[in-house]
Amino acid sequence: MTVSLNEQEKTYLKSLIDRGQPLPIKYKSVLFSDAQDVELVWPGKTREVTNVVLPFQSIEQIDEPRAEKPDPQLGFSWDTVTGRQIGGWSNKLIWGDNKLVLSSLKNGPLRREIEEQGGIKLIYIDPPFDVGADFSFNIEIGEEMLTKEPSVLEEIAYRDTWGSGTESYLSMMYERLLLMRDLLRTDGSIYVHCDWRVNSLLRLIIDEIFGKEQFRTTLIWSYQTRHSSESYWNRKHDDLLFYTKGSSWTFNWNHPKVIQPLSEETIKKYRLHDEKGFYRLNGRFLKGSPIKGAKDVDPKWEKTQPQLVVRDYLRNGIPPNDVLAIPMENQSSNERTGYASQKPTALLEKLILASSNENDIVADFFSGSGTTLAVAERNNRKWIGCDLGRFAIHTSRKRLIGVQRELKVQGKPYRSFEILNLGKYERQYWVGINPNLPDEERQRQTLQREEHYLTLILEAYKSERLFQLPSFHGRKDSALVVVGPVDAPVSREQILEIVAACRQHHVVRVDVLGFEFEMGLVPYVRDEVRAQGVMMSLKYIPKDVFDRRAVERGQVTFYDVA
């Protein structure tokens with residue numbers, strides 16, 4: 001390709017390169033032969049994706065015991081004594097940032113297990129599209145409504161997603177969709193759930209990643225909710241952008257829960273009774289005496305040749321159109337989890353049944369309350385789910401145990417599932433430590449980051465750094481201060497170590513600061529620790545510690561753990 005630039009333009013571009021400055025976007029199509037005709041561009045856009053591989057850690061294996069005789073057709077068996085699954089595929093519920101999870105699935109050893117099971121056939125995602133939303137939400141406990149604040153990792157992810165507005169959101173989605181495309185089977189499909197806020201932007205970046213020729217349709221999910229007081233058209237639908245990776249894909253249009261049934265009027269119009277003299281033989285309809293198994297055919301074929309083309313209207317109905325009128329889950333439904341963005345099971349069931357077969361792997365990397373996973377399990381699909389929020393993982397876990405029990409009562413097959421995370425390796429990644437570095441360098445960086453972290457927290461708490469007693473990090477008034485880890489909840493074991501250090505050094509007051517605390521610590525500290533003569537206070541580290549201006553103005557408040 002000949003570059004059509006005049007000498008003045010060449011000199012100008014060379015001067016920009018010499019100064020290390022970016023080139024104007026208008027020259028892209030001239031300088032690069034593979035430049036696309038149409039492309040969505042935003043500051044910081046790059047096609048580079050993370051290829052980090054972090055090891056998955058198994059937190060829990062969950063399997064409802066079963067006493068029946070193992071069915072070899074399921075692809076696994078179970079111990080007849082314990083009722084637990086032996087071998088075969090276990091479904092995956094993964095707690096962590098989906099960028100790191102996707103990269104580790106794509107490039108790590110778990111990829112081989114996925115491929116041996118046939119690969120990922122269907123991906124459904126319902127990513128955040130209320131631009132500017134955070135990870136906090138309200139939850140009802142007893143008669144009180146409490147607000148669950150985001151964890152430190154959720155807060156970091158929030159800044160990564162929304163920190164620079166739309167451009168941050170697009171970069172977040174672009175990188176994750178690239179990773180999802182690489183994980184998807186060549187005959188796989190993806191549905192991306194969105195609404196009016198981001199549908200046009202997502203359509204452009206998915207066109208670029210999957211190819212605009214792989215766009216199949218936009219499904220309209222039409223729902224009925226209370227009318228708002230808006231003075232214009234009430235928004236009562238979401239969009240589902242449907243793409244395939246290749247030219248072939250699964251569409252089970254003859255499944256009774258996928259097809260659109262015919263109306264009684266249509267059935268009556270096309271009904272051809274046995275007395276018309278048609279019967280079925282070897283897959284064709286022949287004219288003559290009706291026999292057992294006679295079926296209805298379109299009457300317009302009545303005057304054609306004796307051998308008629310099969311038009312099996314009355315058995316199957318017709319393929320569904322692209323408007324899905326499916327209501328929200330009723331508030332009294334057993335499926336309701338209290339999750340604000342929860343989608344109805346009927347919607348996910350239609351997508352999963354239409355675009356996958358039994359034993360295929362279905363994945364949802366923004367799994368939320370676990371609707372996709374629950375529907376996949378009920379319909380004998382393998383599944384992989386991922387979410388960053390601890391509450392989402394707990395909600396999904398509880399829900400999926402309920403599905404196992406439900407299927408067990410019904411005598412239907414189900415698989416065990418395991419809860420995985422990336423553990424300390426993910427948190428090291430977030431604080432800027434490359435887990436793939438040599439041990440010595442990683443340890444040096446860890447100590448450096450830890451000291452920076454301690455200085456930040458102690459400054460926000462208005463306490464001084466303390467080096468004389470290694471078990472304690474700071475001092476505030478008459479109390480010593482211990483700062484919990486950035487990468488894990490403060491545990492009972494850590495509390496026992498602090499108490500032992502207090503008794504050794506005759507310390508009677510200590511404040512323990514943490515982002516999260518292990519369940520049950522408050523009564524333990526109140527009853528057991530104070531009985532040993534140590535006045536211990538547990539305090540939450542607020543997210544404001546990451547706001548330098550708030551720290552400098554003394555606006556950061558550490559609240560007691562209730």
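1. H473 is buried, with a relative accessible area of 16%, where buried means under 20% relative accessible area, exposed over 50% and partly exposed in between, using a 1.4 Å probe and protein chains only. This is a predicted model, in which local features need pLDDT of at least 70 and side-chain atom pairs count only at pLDDT 80 or more, while totals for chains, interfaces and linings use all residues. Residues are numbered from 1 along each chain as its sequence is written, and side-chain values use heavy atoms, with hydrogens and water left out. H473 lies in the loop between β17 and β18, the helices (H or I, at least four residues) and strands (E, at least two) being DSSP runs numbered from the N terminus. Leaving aside residues up to four places away in sequence, H473 touches L454, L458, E464, R465, L466, V481, V482 and V483, contact meaning heavy atoms within 4.5 Å.

2. The pairing of β17 with β18 (residues 474-476) is antiparallel and runs over 2 bridges, with R465 standing opposite G474 in β18.

3. Axes here are lines fitted to C-alpha atoms, for helices over the stretch in contact, and angles run from 0 to 180 degrees between N-to-C directions.

4. Helix α11 (residues 371-378) is mostly covered, since 7 of its 8 residues are buried. The buried residues in α11 are T371, T372, L373, A374, V375, A376 and E377. Their cover includes the strands β4 (91-95), β5 (120-125), β14 (361-364) and β15 (382-387), together with the helices α10 (345-355) and α12 (390-410). After α11 comes N380, which has a positive phi, near 55°.

5. Strand β15, one of the elements covering α11, is itself largely enclosed by the rest of the structure, because 6 of its 6 residues are buried. K382, I384 and C386 point one way from β15, whereas W383, G385 and D387 point the other way, and all are buried. β15 pairs in the parallel sense with β4, over 4 bridges, where W95 stands opposite D387. β14 is likewise paired with β15 in the parallel sense over 4 bridges, and there I361 stands opposite K382.

6. Strand β8 (residues 184-194) has 8 of its 11 residues buried, so the rest of the structure largely encloses it. The strand runs parallel to β5, to which 5 bridges join it, with I120 opposite L184 in β8. By contrast, β8 and β10 (residues 237-244) run antiparallel and are joined by 6 bridges, and the bridge partner of V192 in β10 is L241.

7. Helices α3 (residues 98-107) and α6 (residues 166-183) pack at an angle of about 25°, with their axes 10 Å apart. The two are therefore roughly parallel to each other, given that angles under 35 degrees count as roughly parallel, over 145 as roughly antiparallel, 65 to 115 as roughly perpendicular and the rest as oblique. The contact is made by N98, K99, L102, S103, L105 and K106 of α3 and by E175, R176, L179, M180, D182 and L183 of α6. By class, this contact has 5 nonpolar, 2 polar and 5 charged residues, where Ala, Val, Leu, Ile, Met, Phe, Trp, Tyr, Cys and Pro count as nonpolar, Asp, Glu, Lys and Arg as charged, and the others, Gly among them, as polar.

8. A further buried loop residue is F76, found between β1 (57-62) and β2 (77-78), with a relative accessible area of 6%. F76 and G87 are 11 residues apart in sequence and 5.7 Å apart in space, C-alpha to C-alpha. Not counting residues up to four places away in sequence, F76 touches R66, D71, Q85, I86, G87, G88, Y414 and R415.

How values were computed:
Pairing = 2+ DSSP bridges.
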